[in-house]
Amino acid sequence: MYSRLVLTLLFAFFSSIFQVVAAATQETEASIATFISPTGAGNLTYALIAAKNGDVRMHLSAPATYQWVGVGTGSEMDGSVMFILYENADKLNATLSTRLSDGHNEPSYSKNVECELEATEGHNSIVQKDNSRYYSVNIYCRNLTAHGKGDGKLDFSNTKQPFVYAWGPADGALLSASKSASIKRHVAYGNFWIDLTKAASPNLESNITLTGNSLLITQNAGSDGQAESDGDKVGPAHAAIMLAAFVVIFPLGAVLLRFLESVKTHSIVQTIGLLATVFGVGVGLYLSRMYNHSKNVSSGHQVFGLILLILLLVQWAIGFHHHLRFRKYKRSTLYGRLHLYAGPTIVLGGIINGFTGFNFSREPHNNVYYGAVVAVVLVIVLSSLVWKRWSKNKQPKHNRIMEDDEQNHDAFRMNVVRGSGEVR
């Protein structure tokens, strides 16, 4: 009788202990929200635990193949609080940059968002996993609910709190410890949600940690679709337009003037080049607004580009004015001489500014390809002009047309049709 009573009491005791442990385990599991998305090079994993005082502990991991990876609060960039990782200069650690966004442009670092990396075993900035390098960090943020606008402000009563995620290009590590380092436009982005009512813990200093099985499956979170492809299309458009203007159109106009001996054709081609430049500068100014390092339009590349645009407008006006005066007085002018030498100088300046542009856009490797195109065009233009000069010199002397002021009154062959004295 006594032994049975003891066994009954022991059973009741251990049963209650088991129920308490089970309940605590369920509470612990329920207090973690995890979202996992494929990126093409591996999974992006984001997990979160929140406390009622506004503090948040989170985990973020993704392939270090990408120049940067990030997650932000809210359904869009505007009003979002963002947590961005990129590789440090030592190639062993990641830099955490907490940023605020006020539109669809590069977010800006904010020291007011109090977040720091936590030293957690197995999640120490850059780790090796499945023969690949991954960003893998745990982050602790204080009073995070004080930041963000609109649905970018965390609401712990929201069962579908929206978040955004994105990753940058895979064209080389950023290698910077600066929290305000300039980052390129994302190549993919997406949206997901977290049930913050189930991602709560009364005390973030408890033994609840963002490791192990809690990071293996999506829980208390979800997404309405996969990440969407994106990328910088404005930058390449600006580069292509300006390259076409300074490396192709303007040199073509000079060559056609010598071969066709038609100022009309020359003026049409150069006007097209001028319009292309105006449009290209406009695209460049629009592009400048997207990035923190360029939005003030104060870099050497930008200032020199605007100066070149002004000089081109003046050059076009000088050429037009010279042509009008030549038609009236049938003699060369100082404006023509200025137009002759200013043109190649401005074009050369534009070509040089192309090299500085690729450096400014953090893509100096493109200078190799750009330089090759410039070299080919330069060889073609110079060869054409030399051949034209050589072929003229081989003509009988009485058939040559002299181009100096004394004989043709048009030292620059900008107006006269060969052998006619007429103006085109």
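User: In this predicted model, how far apart are the end C-alpha atoms of helix 5, and what span should its residues give?

Analyst: Helix 5 covers residues 334-360, which is 27 residues.

User: At which residue does helix 5 bend, and which proline follows within four residues?

Analyst: The bend in helix 5 amounts to about 25°. Pro 344 is the proline that follows within four residues, and the bend itself is at Ala 342.

User: Which residue with a positive phi follows helix 5?

Analyst: The phi in question is near 65°. The residue that carries this value after helix 5 is Arg 362.

User: Is Trp 390 buried, partly exposed or exposed?

Analyst: Trp 390 lies in helix 6. Its relative accessible area is 48%. Because exposed requires over 50% and buried under 20%, Trp 390 is classed as partly exposed.

User: What is the handedness of the disulfide formed by Cys 115 and Cys 141?

Analyst: A search of the whole structure finds 1 disulfide, and the sulfur atoms of Cys 115 and Cys 141 are 2.0 Å apart. The pair links strand 8 to strand 10, with the cysteines 26 residues apart, and both cysteines are buried. The torsion about the S-S bond is about 115°, so the disulfide is right-handed.

Definitions and conventions. Residues numbered from 1 in each chain as written. Predicted model: local features only at pLDDT ≥ 70, side-chain atom pairs only at ≥ 80, totals over all residues. Heavy atoms only, no water. Helix = DSSP H or I, 4+ residues; strand = E, 2+ residues; numbered from the N terminus. Expected span 1.5 Å × (residues − 1). Bend = angle between axes of the 7 residues up to and from the residue. Buried < 20%, exposed > 50% of the residue type's maximum accessible area, 1.4 Å probe, protein only. Disulfide = S-S within 2.5 Å.
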